[in-house]
Amino acid sequence: MTDKMAEPKIEAYDGPAGGWGSAQSLTEILLREGIPVSGAALLMKQNKPDGFMCVSCAWAKPAKPLTFEYCENGAKATAWEQTAKRCGPDFFARHTVTELRDWTDYALEEQGRLTHPMRYDAGSDRYVPVSWDEATAAIGRELRALDPKSAVFYASGRASLETSYMYGLLARMYGNNNLPDSSNMCHEPTSVGLKASIGVPVGTVVLEDFDTTDLILFFGQNVGSNAPRMLHQLQEARKRRVPIVTFNPLRERGLERFTNPQSVVEMATRHATEISTQYHQVKAGGDLAAITGMCKALIAADREALGVGRPGILDRSFIDEHTHGFDAFAAYCESQDWAALEGRSGLTRTAIEAAATVYARARAVIGVYGMGLTQHRKGTESVQMLVNLLLLRGNIGRKGAGPCPVRGHSNVQGQRTVGITEKPELAPLDVLKEQYGFEPPREKGLNTVEACEGIVSGDVKAFISLGGNFVRAIPETVRMEEAWRTMRLTVQISTKLNRSHLINGEVAYILPCLGRIEIDTQASGPQAVSMESSTSCFHGSRGKTNPVSDQVRSEPWIVAEIAKATLEPNPNVPWDSWVGDYSRIRGAMEATYPSVFHNLEGRMFEPGGIHKPLAARDRRWETETGKANFTVPEGIEADPDMPLRGADALDLITLRSNDQFNTTVYGYDDRFRGVKGTRTILFMNADDIARLGFADAEIVDVTTVSDDRVRSVKGLRIVAYNIPPGNCAGYYPELNPLIPLWHHDEQSKTPAAKAIPVTIARSASTLQG
Ligand SMILES: Nc1nc2c(c(=O)[nH]1)N[C@H]1C(S)=C(S)[C@@H](COP(=O)(O)OP(=O)(O)OC[C@H]3O[C@@H](n4cnc5c(=O)[nH]c(N)nc54)[C@H](O)[C@@H]3O)O[C@H]1N2
Ligand SMILES: Nc1nc2c(c(=O)[nH]1)N[C@H]1C(S)=C(S)[C@@H](COP(=O)(O)OP(=O)(O)OC[C@H]3O[C@@H](n4cnc5c(=O)[nH]c(N)nc54)[C@H](O)[C@@H]3O)O[C@H]1N2
Ligand SMILES: [Mo]
């Protein structure tokens, strides 16, 4: 089955981010999902202190929310979860798994919410209904028969702090630290890079910093599509004439201009605020060079000023008191050659110096970043280079300043806080040992890439998934799908059907769960859960709607049942009592992390949330040197294989459209980029199209440059686009077959999804969507 799509159309979009286009797009999805317009009253509860926390992105929730504290994409995510459509046993009876493998991501999730636990039946090649008792007993039996090192417990970043805490404990009591989470594909360079540089694995900026900052630097984050509520902070800052300097290969609409869809006046007058004051179309992977250039310019200007007796540009007292490694870093910058920096960044020296000049004038600077900085072979070094820039003028641990990684899933950061990590040193193993009386495993567990390697080699035999669509989100689709089906056990705790359910192991279960928006009633009554935002604030969340079916269970309940069926009973771990009253799970979390969750129960519904203590905010540096570290990278090249590429190779960026949440495809329009009715496209620079002998709208095949195996995606339509020469771009996850598993950040092993070397050829296949 394929989707019925309108004839694809490519047409430049003139509107701002937000505005009338956003209102229209939202109405369309509410209608399609069968949500009555009165049901939209639900949206009024979104991101409010007494309501539910959005299931889309992790952006901060203000203490004084707007009347409509949601955005187009947050509302789409609510509509997607609250759809009137259902995917139950009758659906599975009608379709074999082999048949469903040919369906698109869109078609699968469009079937609606999963309603019953299902077991894979190899004889009929179908999923068949199973009771919860049978399902959890069988999963426990399978896990007990395996070497604990051969099972993986993945978490996509949505599940609550309570569920995640229990899930981490389950894995460790079972016997491993194999706890990769979606963060391994996303902000792991942040966890590794910021921890080494400034001693905390997360950003230091909180919402109030946007009120006092004098400059925002913006690297590789598409705010208009992926964290739209942040546009309100950016718009407010622009009203105070705060400059915003953006580095992005694509001119993203949300970074150009914004009309607040909640302002009657702005909507009526079609008034839009200009967002970026400087827009630098850096080449993919060129940030390392661009930021090095800014640092070089600042160091030179400082030297010059001091030489003629003027005050310096750098914050010397901060550098002396708080940092380590400045001299080596300054020497490194001075030794860099401008021509090389220009060549690699794709920016002129003048442009880089213009950015450095604005930076030198600002007292408090925020450095915002997203996947454009992290998803590279040198992703960690890129993050650390941004920290270097901030350190030069003391822009960490000061009001209105600091690094601001924009996290992805709504609780991805929180999952790390409660022990979902493959790195044993990041989990309080001794405390857990004491608290629960068991011997936690001490060996490093598998991260995402290592879990994939283990599946290929046959060492990993079971994969439990707490949400997500792992098979579709990882690199190397073709080889991974083959290897996946050799596993003994696959378990998916999910809300909607996706491709990971169909690439199943020998024994496979789908366990349908409640979403966060639904009322979760347990022995003690309706329950609340908590999560952590991108700015390290904890918030409570209460479900508001009736469960989609009486057969779905809550995530804590499912985790507890798997644990009870798998583990020897341990009187110190009261799984049933926890599930009966989630405040007891929060009590256990507080016992494990007393300073982090002090009185979480009493404070989780406070407006603005509870701030997690962050040493670096107070200029306490919990690093190896006890200082904030300047880091010298290996070089300015974000991809060590770059010199091996031929002249015909382009660097492919994979990214999100405005109509998807990760592997969830809401629709086929990417309004801001002017694409309608298709996702199988390749954005290319017009000069490259001509130079390589193609034409706009031509259908092409794309192949990865590598010498180990052939990786291709066929039938993409060329779209001439404003993108730097030498770069091209297309949509994730359709292009994931092109990413080699080894193409990852060296330090954190985050797949490098943003600069994949590819060549392009005229397509042998005929026209595609
Ligand atoms: N609506 C919606 N919201 C989401 C998501 C979603 O899919 N849909 N996903 C969530 C998740 S899990 C995450 S991690 C975030 C992701 O949010 P983003 O970090 O915005 O992720 P991407 O869409 O991958 O886009 C990254 C941006 O980086 C730019 N870019 C690419 N390469 C480079 C480069 O080398 N340098 C620079 N400077 N820029 C570059 C791209 O042009 C693009 O604008 O959003 C979260 N929020
Ligand atoms: N090429 C390329 N690949 C990428 C990226 C990229 O930019 N380019 N980005 C990477 C990034 S940043 C990320 S975070 C990963 C995302 O990887 P994942 O987090 O694994 O994938 P999602 O698409 O977010 O998962 C969607 C599924 O989650 C389930 N789900 C939704 N809500 C709930 C819930 O409340 N509970 C449970 N249990 N399940 C739920 C639904 O069944 C849905 O089908 O992909 C990565 N892959
Ligand atoms: Mo992410």
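Predicted model: local features only at pLDDT ≥ 70, side-chain atom pairs only at ≥ 80, totals over all residues.

User: What share of ligand 2 does the protein bury?
Analyst: The reference is the area that ligand 2 exposes when taken alone, which is 940 Å². Of that area, the part buried by the protein is 97%.

User: Which elements give two or more residues to the shell around ligand 2?
Analyst: The shell holds 34 residues, and Tyr154, Glu555, Thr663, Tyr732 and Asn736 are the closest. The elements that contribute two or more residues to the shell are α23 (470-473) and β17 (489-494).

User: How many residues of the shell around ligand 2 are charged?
Analyst: Sorted by class, the shell has 13 nonpolar and 15 polar residues. The remaining class, charged residues, numbers six.

User: Between which domains does ligand 2 lie, and why?
Analyst: Residues of the shell around ligand 2 come from both domain 2 (97-181 + 411-598) and domain 4 (650-768). Because both contribute to this shell, ligand 2 lies between domain 2 and domain 4.

User: How far apart are the end C-alpha atoms of residues 113-491?
Analyst: An unreviewed UniProt entry places the feature "domain: Molybdopterin oxidoreductase" at these residues, 113-491. Over that range the chain is 46% helix and 13% strand, and the separation of its end C-alpha atoms is 17 Å.

How values were computed
Residues numbered from 1 in each chain as written. Chains lettered and ligands numbered in written order. Heavy atoms only, no water. Near = heavy atom within 4 Å. Areas by Shrake-Rupley, 256 points an atom, 1.4 Å probe, with all protein chains shown as cover. Helix = DSSP H or I, 4+ residues; strand = E, 2+ residues; numbered from the N terminus. Nonpolar A, V, L, I, M, F, W, Y, C, P; charged D, E, K, R; others polar. Domains from an automatic or database assignment. UniProt positions renumbered as here; feature names shortened; annotations may be inferred.
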